[in-house]
Amino acid sequence: MPDIATSPHVVPPPLKVKLVHLGAVIVPFAGLIAAIVLLWGIAFDWIHLVLLAALYLITTVGIGVGYHRYFTHRSFKTPRFVQAILAAMGSMAVEGSVLGWVADHRLHHQHSDDEHDPHSPHAYGGGIWATIRGMLHAHVGWFIRPRPKLKLDRYIHDLRDDRLVRFMSATFPIWVVIGLLIPAVLGGLFTMSWRGALLGFIWGGLVRVFLVHHVTWSINSVCHIWGTRPFRSHDESRNNAIFGILALGEGWHNNHHAFPTSARHGLRWWEIDVSWMIIWAMSKVGLASDVRVPSAARIEAKRVSAPT
């Protein structure tokens with residue numbers, strides 16, 4: 001694959017977009033630094049740990065179950081109010097609007113690990129330095145690096161026709177603010193102090209966004225370099241157990257690329273897939289229907305003779 005920066009098929013993003021993306025990366029990191037400094041003075045307790053964990057789970061589910069498995073791949077059907085909730089939860093992860101996220105991800109699937117892939121770690125050739133550059137590009141660099149000269153609207157015609165999705169996408173900044181205010185307000189109420197509100201904002205807001213970002217982005221970078229490939233796919237997608245757990249099932253990435261419309265990514269009993277458990281539970285109470293999972297015969301037909 002040619003160097004993505006010199007490929008004739010890419011175009012640099014506008015300066016405004018670069019600045020917004022840089023802010024989304026730098027501000028949560030600054031929050032992490034502030035949290036570490038405050039932690040040194042024991043400015044942390046179980047309340048802030050619970051806020052961090054709860055918001056991490058909510059927003060990671062919003063990305064995995066909502067943005068990814070529902071809106072991008074339509075791996076199940078769900079009522080309109082659940083769609084709105086999933087879109088709000090995903091928006092609070094601060095990874096972009098529903099329409100933008102889905103367009104990028106569908107583009108990635110069509111061109112996975114070729115020169116049109118917006119975030120392939122294999123964009124700079126071979127060798128150790130090229131691997132490091134590719135890793136950085138796939139993890140965060142692709143936000144501000146030149147992008148493929150492709151019209152992303154072509155990937156989201158179905159969603160653009162949906163008034164609810166358009167509304168949730170247009171109100172993305174509002175949901176970001178709400179996602180940061182919730183832990184601040186709860187931290188203040190639980191402790192009845194401004195200090196508790198500030199720490200709630202830092203831990204349940206900024207630190208949580210930092211963790212969700214880097215776990216999610218690792219699916220683009222780590223899970224296209226390190227891991228196993230039990231199934232045939234046209235790219236370098238890998239199953240990585242660490243991110244299978246941290247990303248609530250998204251790290252079983254080779255499974256996903258082999259069966260992209262499957263609501264279940266952890267296809268073996270030991271491949272923990274919390275997002276699938278949630279979808280399964282939703283189906284049992286009438287909140288999910290037409291759940292798509294590959295048959296045992298189809299799974300075996302795509303399995304390679306030995307893991308690679």
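# Notebook: a first look around the model

**Entry 1, a loop residue.** I started at threonine 171, which sits in the loop between α7 and α8. A reminder to myself before going on: this is a predicted model. Is threonine 171 buried or exposed? I noted a relative accessibility of 13%, so threonine 171 counts as buried, the cut-off for buried being under 20%. I then followed its side chain and found that the side chain of threonine 171 reaches the backbone oxygen of methionine 168, at 3.3 Å.

Next I stepped into helix α8, where I picked out valine 185. Valine 185 has a relative accessible area of 47% and is partly exposed.

I turned to helix α3, residues 80-91, and checked its length. Its 12 residues reach 16 Å from the first C-alpha to the last, close to the 16 Å expected at 1.5 Å a residue. Which residues of α3 are buried? I listed Val82, Gln83, Leu86, Ala87, Ala88, Met89, Gly90 and Ser91. What covers these buried residues includes α2, α4, α7, α8 and α12.

In helix α4, which spans residues 98-110, I stopped at histidine 109. Its relative accessibility is 14%, so I put histidine 109 down as buried. Leaving aside neighbours within four places in sequence, I found histidine 109 in contact with His68, His73, His234, His256, His257 and Pro260. With one of these, histidine 256, the side chain of histidine 109 makes a side-chain polar contact at 2.9 Å.

I found both glutamate 250 and arginine 69 buried.

I also looked at arginine 106 and aspartate 158, whose side chains meet in a salt bridge at 2.8 Å, N to O. Arginine 106 belongs to helix α4 and aspartate 158 to helix α6, so the pair ties together parts 52 residues apart in sequence. Arginine 106 is buried at 16% relative accessible area, whereas aspartate 158 is partly exposed at 37%.

Another salt bridge joins the side chains of aspartate 153 and arginine 160, 3.2 Å from N to O. Aspartate 153 is partly exposed at 39% relative accessibility, and arginine 160 is partly exposed at 35%. I noted too that salt bridges with shared partners join Arg69, Glu250 and Asp273 into one network.

**Entry 6, aromatic rings.** My search of the whole structure turned up 5 aromatic pairs. For tyrosine 70 and phenylalanine 76, the ring centres are 5.3 Å apart and the planes are at 50°, so I filed the pair as tilted. Tyrosine 70 and phenylalanine 76 are both buried.

Phenylalanine 231 and phenylalanine 259 make an edge-to-face pair, 5.3 Å centre to centre with 80° between the planes. This pair links distant parts of the chain, 28 residues apart: phenylalanine 231 is in the loop between α9 and α10, and phenylalanine 259 is in the loop between α11 and α12. Both phenylalanine 231 and phenylalanine 259 are buried. I also spotted lysine 302 over the face of phenylalanine 259, at 5.6 Å from the ring centre. Last, I wrote down one aromatic cluster formed by Tyr70, Phe71 and Phe76.

Conventions
Residues numbered from 1 in each chain as written. Predicted model: local features only at pLDDT ≥ 70, side-chain atom pairs only at ≥ 80, totals over all residues. Heavy atoms only, no water. Helix = DSSP H or I, 4+ residues; strand = E, 2+ residues; numbered from the N terminus. Buried < 20%, exposed > 50% of the residue type's maximum accessible area, 1.4 Å probe, protein only. Polar contact = N/O pair within 3.5 Å; in protein donor to acceptor, adjacent residues only side chain to side chain. Contact = heavy atoms within 4.5 Å. Expected span 1.5 Å × (residues − 1). Phe/Tyr/Trp six-rings, centres within 6.5 Å; stacked < 30°, edge-to-face > 60°. Lys NZ or Arg CZ within 6 Å of the ring centre and 35° of its normal. Salt bridge = Lys/Arg side-chain N within 4 Å of Asp/Glu carboxyl O.
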